[in-house]
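Please walk me through this structure in the viewer. Tell me what to select at each stop and what is there.

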Amino acid sequence: MKSSKTKRQSIFSGLREFFFAEEAPYGLALVRMFLPAMALIPMVRRFGRVRELFSTDGAPQQLFEVYGEGNVLPVLPPSFAIALYGIMIFALICGIFGFRTRLAFLIGAPLYIYFNLLDCVSTFTKYSVIASHVLLILAVSESHAVWSVDAILKRWKDGRAASAIPPLVPVWPARLIQILFCFVYFGAAVTKIQTQAFFSGEQLRYWMLSNWNYSNPIGEFMATSTPLLLISGYITVVWEITFPFLAWRPVGRFFALGIGVMFHIMTWISLGLWVFPLVCISCYLAFLMERDIVAIRRFVHRLRLPTSLLGLPRFAMARTIAMRPANVPLSMIWLAMATLVAIGAAEADYRMDLYGTRTEGGALPLKTLDREVALAMIKNPRPLREKDKFFSFDIGSMLMGGQLANRSTEYTYGDSIIAQCNINPPHEDLWVEVAIEDSEERIIDSAGQYVTRDSLWANFKYEAGSRMSPGDYSLVLKSGGKEIARRHFKLTGDPNTLPRPIPMLTN
Amino acid sequence: MRLKRWASVLFVISYLCVLAWGTGAHALKFGLVGNTLSYFVVWDMFCGWNAYDNRTHIIAEDANGTFYEVREPWGAFTPFGNVDRINYDVSNHLVARHINNVISHTSHPDFDRVYIVQEIWPKQFNVPSNLWSYNFSEPMEKVSYFHLRSICAANGNSIETYPDWFNRQTLMTIADNPRLQQAAREATPYYNTYFNPVANNLQNRFQVTSDSNGLNTN
């Protein structure tokens, strides 16, 4: 009798397979091409401001200082700072094309981190942190094995036969990028859970109405719709928590990554974030494994798209580099180009003359300020207006998560009328009243409640009873004895249609 | 090859441990204070937004009483959108350096004082005018509140500092309580000179010099 031996896999063999299986690093190569490009967008934008943001002739602000550890990093004179900045940009561009890739990232990544740490006020953000992680992983990876200038030059050197099979490398760098995002999203979910007013929509609302990022007109519209904010908040947190558990499932990863792409596009639309979604979506390419690339290639070939054009830039670069004298190492070429870039950057900074100190009239003058305006700003201890303590006052008939889910101005007998005021923190303990007035401003009902300093909203609920005749009414919000806001509503219908009165009618 | 594999394994384990520490420390809130590198592993991208918007204005005054706007004449850098860089300085570490940088690179008379003023307004007034009437029945009457944050010398060194508007409002909401104010007035301040009995070996001297109850601390 034959018995079949079953092969039991230990947890270590599973981990070994997960981290050290060998594949052609196509996904990693795509991250290598896109992530540095996205990370360079804000850095290139700051090229003309290096003197001001990152040098001794400006006002850098190190992250170490904010954490109470003093100025740990050396701040360089402007010429050296701009030269290094130019080398950083050059190195990351070389990384994109895959020319001396490991050298490029070993130089470019630390410089990227250095300059970001030097300006934590206006340069270093969480997308810089994510980019830093990925750049460091790319520096120790074999992302240049495919789709790079290095791969082309190696293929030409080794001969055509060596290029028949794509090189296979361990997948652990791609896995680390994937796991990084699991931690990023899980940590972000923890932050939201710990933020008191996130699940009632206030935090999203205040963020969407802040003008600290780029323009976000859709976000400003969403900020006034509480149901949208509540639903978005819950979907975000649920997705962030489930991301690590779905990202490697055959079907689940399409869901996790698909929602991720939509989420990041929504942050661009609703919050005005531009670079953050680009950085994150470019890192999603690390989730593409070899079988995905093969499937995409088959699909693209069926559409007969000229994908060979995509390789033209790196082939052109490779041909140019191959023209060098044979005895000149590639690293020397790289370093020579980096030196030229450094000198060019220093010259560009000198010619730009950011501060205008070398103009004909000398240093630029400061603008004078009208004395009355200046004194009004300096000596103006105006107390907060009572109405500025309130964000909004609305009436509706439904609640969602404690917040008003709709707005209504017409009610019939038996309907619930809910008046809600949202209050801006920080505020003191308040006594807030809401009164119902008829069309001739006669008070029909008045109710008040304490709104303690930790409360962000207060609800007043009425049942439209039989003591009010059909007509126009107003709900008037008062605080500190002052009228804050007024909302009009119409009561329609026949009071006789009401069922027998119940004891809880208020009017 | 074997060395390369071991190095890879070590890198993977170390990296995962660092990521796990960051998330765990953030969730349980320990080990993060004063640790700059924790910024690389703590994912607190949504840590709270104020209900009031604020901007920072810097005003210098010369000996003749003329006021100047201390703002970069070469054009302020706007890192994200159209808000000047100085407004992102939430911790107020940059402002002194910023003042010195602008003043030292511009032409002007000597300054006696530099005032740092916060401009505050409620965020509902950031709703664009085309959406305002849809959401609010009242006319849009935005009022800005100005709050003096600090008075500095011309090189940015602080001479007088006041709590920022948000902290001040929070303190006022707590102080707006007559019972609390009364309790605070009735409390007796207690001062003690810090000393370290162990370092100074005072235990034995205590027994020798104290009164019969051993309660004399100085």
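**Stop 1: the sheet in chain A**

Select β8, β14, β13, β10 and β11 of chain A: in that order, these five strands make an open sheet with mixed pairing. Strands here are DSSP runs of E with at least two residues, helices are runs of H or I with at least four, and both are numbered from the N terminus. Two strands count as paired if DSSP finds at least two bridges between them. The edges of the sheet are β8 (410-412) and β11 (443-451) of chain A; each has a single partner strand, so one side of each has no neighbour in the sheet. From one strand to the next, the twist averages 25 degrees (axes are lines fitted to C-alpha atoms, for helices over the stretch in contact, and angles between N-to-C directions run from 0 to 180 degrees).

The model is predicted: local features need pLDDT of at least 70 and side-chain atom pairs count only at pLDDT 80 or more, while totals for chains, interfaces and linings use all residues. Residues are numbered from 1 along each chain as its sequence is written, with chains lettered from A and ligands numbered from 1 in the order in which they are written.

**Stop 2: β13 and β14**

Now select residues 471-479 (β13) and 482-492 (β14) of chain A, which run antiparallel and are joined by nine bridges. Opposite A:G471 you will find A:L491 in β14(A).

**Stop 3: chain A against chain B**

Show both chains: 80 residues of chain A are in contact with 75 residues of chain B (C-beta atoms, placed from the backbone, within 7 Å). Helix α9 (residues 172-194) of chain A gives the largest share of chain A's side, 12 residues.

Finish with β3 (residues 364-365) of chain A and β3 (residues 106-107) of chain B, a parallel pair with two bridges. Here A:P365 stands opposite B:S107.

How values were computed
Two residues are in contact if their C-beta atoms, placed from the backbone, lie within 7 Å.
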